[in-house]
Amino acid sequence: MASVGAPKVPQSKARSRKDGAAIALDETDKRLMNLLQSSFPLDPEPFALLASEAEMALEDVLQRTRRLLDERIIREITPIFDTRALGYDSMLVAAKVDGEHPQRAAAIVNSHPGVSHNYLRTHDFNLWFTIATPPDSELGLAGTLDVLMRETGAESMRQLPTLTLFKINMNLEMEGGTEALASAVEAAPPRELEAQPYDERDIAAIRALQGAMEPVERPYDEAAAEFGASTGDFLEHLRGMVDRKLLRRVAAILYHRRAGFSANGMGVWKVPEDEIMETGRQMASFRGVSHCYQRPTYADWPYSVFTMAHGRSKEECDAILDSIAEECGMGSEDRATLYSSTEYKKIRLRYFTDEYSRWEAEHS
């Protein structure tokens, strides 16, 4: 893989549930945030299109977006690439680490550049993180987890790769209330996860665009210049990457708690093998569910379907998960909910950088 200049490495500070208090937002802020999360266009002037859709002045859209970024309500506006489609191996991992000093293990896990999320959760398996390794990794995912288990002193690590992806859409409903979050919408078909073909021009496009985008009238111009094309040609290439499932979308990512979503509950479900496909689709259809996956089971982990629910309170998360249970005919013995108590890391992955090989050289 070609070498690149020293990249900006995203940082994430640990935050407890007591931190990051919600910020007051008016209805226009909420409407704009819904659009920024779901409808950020691949267009030379995307904010002008959003302003038209929101029936707002362009300058008002830009000023509000800058304020929401400055006040850390929006984390960033960024492209979201498909990790698996790019040939990266990735999975969710549940670890049992020292409950008295989990931050030590968390810091070791966080040092890997492919760890995008890392949370302390309310369970014997108390440290939950997502990790990815690039196609040219010498250690590979299994070897990387061996290193992390040794260095953290974890009692156990359960590998929970995605077997079926029913939904991934981190799009918080800002305008609706609990009823909207707990309601079902049309379910999308399960996504394919196989690696897709790509070339050096795709890699160049990813390197040019990845990271936070500026709230300016023409935010794609700088990346297009780095890519070596006109903005129109660069956007046409990006649309092709969407068609080839390499790029999911461009979207605003929120600071959940400061946007008012103070709770996230990972609902896990014991679903019979022959019912997983139908039940997974049903669970994915709920507006308040951002992620829905089938994952492997173990003797000490019998839950096959995972749903991430986000709410303005624990009670709202519970309402979402209770609605799922009622809709899918699941009893209390068929489910568990794990709440996060500390966020140790949350970043967007950066692809095709030298950070991975440097970590492996230091830790292998």
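**Exercise 1. The two sides of helix H12**

Task: In this predicted model, which exposed residues does the face of H12 turned away from its buried side carry, and which residues of H12 are buried?

Solution. 
Step 1. Start with the outward face. The exposed residues on the side of H12 turned away from its buried side are Ala361 and Glu362.
Step 2. List the buried residues. In H12 these are Glu355, Tyr356, Trp359, Glu360 and His363.
Step 3. Look down the helix axis. The buried residues of H12 fall within an arc of 135°, so they line one face of the helix.
Step 4. Find what they pack against. The partners of the buried residues of H12 are strand E5 (127-133) and helix H5 (140-152).

**Exercise 2. An aromatic pair that involves H12**

Task: State the geometry of the aromatic pair that Tyr88 and Tyr356 form, and say where in the chain the two residues lie.

Solution. 
Step 1. Note what has to be given. A pair of aromatic rings is described by the distance of the centres and the angle of the planes.
Step 2. Read off both values. For Tyr88 and Tyr356 the centres are 6.0 Å apart and the angle between the planes is 70°.
Step 3. Classify the pair. Planes over 60 degrees apart count as edge-to-face, so the pair of Tyr88 and Tyr356 is edge-to-face.
Step 4. Locate the residues. Tyr88 is in the loop between E2 and strand E3 (89-96), while Tyr356 is in helix H12. They are 268 residues apart, and the pair links distant parts of the chain.
Step 5. Check the accessibility against the cut-off. Buried means under 20% relative accessible area. Tyr88 has 1% and is buried; Tyr356, at 3%, counts as buried.
Step 6. Ring pairs link Tyr88 and Tyr356 into a cluster with Phe81, Tyr198, Tyr351 and Phe352. The count for the model comes to 13 aromatic pairs.

**Exercise 3. A second pair, and charges over rings**

Task: Classify the pair formed by the rings of Trp301 and Phe306, and find which residue lies over the face of Phe306.

Solution. 
Step 1. Take the geometry. The ring centres of Trp301 and Phe306 are 6.0 Å apart, with the planes at 40°, so this pair is tilted.
Step 2. Check burial. Trp301 counts as buried at 2% relative accessibility, and Phe306 counts as buried at 2%.
Step 3. Look above the ring. Arg295 lies over the face of Phe306, 5.4 Å from the ring centre.
Step 4. Arg201 lies over the face of Phe227, at 3.9 Å from the ring centre.

**Exercise 4. The nonpolar cores**

Task: Which residues of the largest nonpolar core touch the most other members, and which element gives the most to this core?

Solution. 
Step 1. Name the residues. The largest nonpolar core has 46 residues, and Leu36, Phe40 and Leu238 touch the most other members.
Step 2. Find the contributing elements. Those that each supply at least two residues include helix H1 (27-38), helix H7 (200-209), helix H9 (231-243) and strand E8 (247-254).
Step 3. Pick the main contributor. H7 gives the most to this core, with five residues.
Step 4. Follow one member. Beyond its neighbours within four places in sequence, Leu238 is in contact with Leu42, Ala205, Leu209, Tyr220 and Leu247.

**Exercise 5. From one residue to the chain**

Task: Describe the place and contacts of Asn110, then say what share of the chain's residues count as buried.

Solution. 
Step 1. Asn110 is found in helix H4 (residues 102-110), and is buried with a relative accessible area of 18%.
Step 2. Not counting residues up to four places away in sequence, Asn110 touches Val115, Asn118, Tyr344 and Lys345.
Step 3. Of the 364 residues of the chain, 54% count as buried.

Technical notes:
Residues are numbered from 1 along each chain as its sequence is written. This is a predicted model: local features need pLDDT of at least 70, side-chain atom pairs count only at pLDDT 80 or more; totals for chains, interfaces and linings use all residues. Side-chain values use heavy atoms; hydrogens and water are left out. A nonpolar core is a set of buried Ala, Val, Leu, Ile, Met, Phe, Trp, Tyr and Cys residues joined through side-chain atoms within 4.5 Å. Buried means under 20% relative accessible area, exposed over 50%, partly exposed in between (1.4 Å probe, protein chains only). Helices (H or I, at least four residues) and strands (E, at least two) are DSSP runs, numbered from the N terminus. Contact means heavy atoms within 4.5 Å. The arc is that of the directions from the helix axis to the C-beta atoms. Rings of Phe, Tyr and Trp (its six-membered ring) pair if their centres lie within 6.5 Å; planes under 30 degrees apart count as stacked, over 60 as edge-to-face and the rest as tilted. A charge sits over a ring if NZ of Lys or CZ of Arg is within 6 Å of the ring centre and within 35 degrees of the ring normal.
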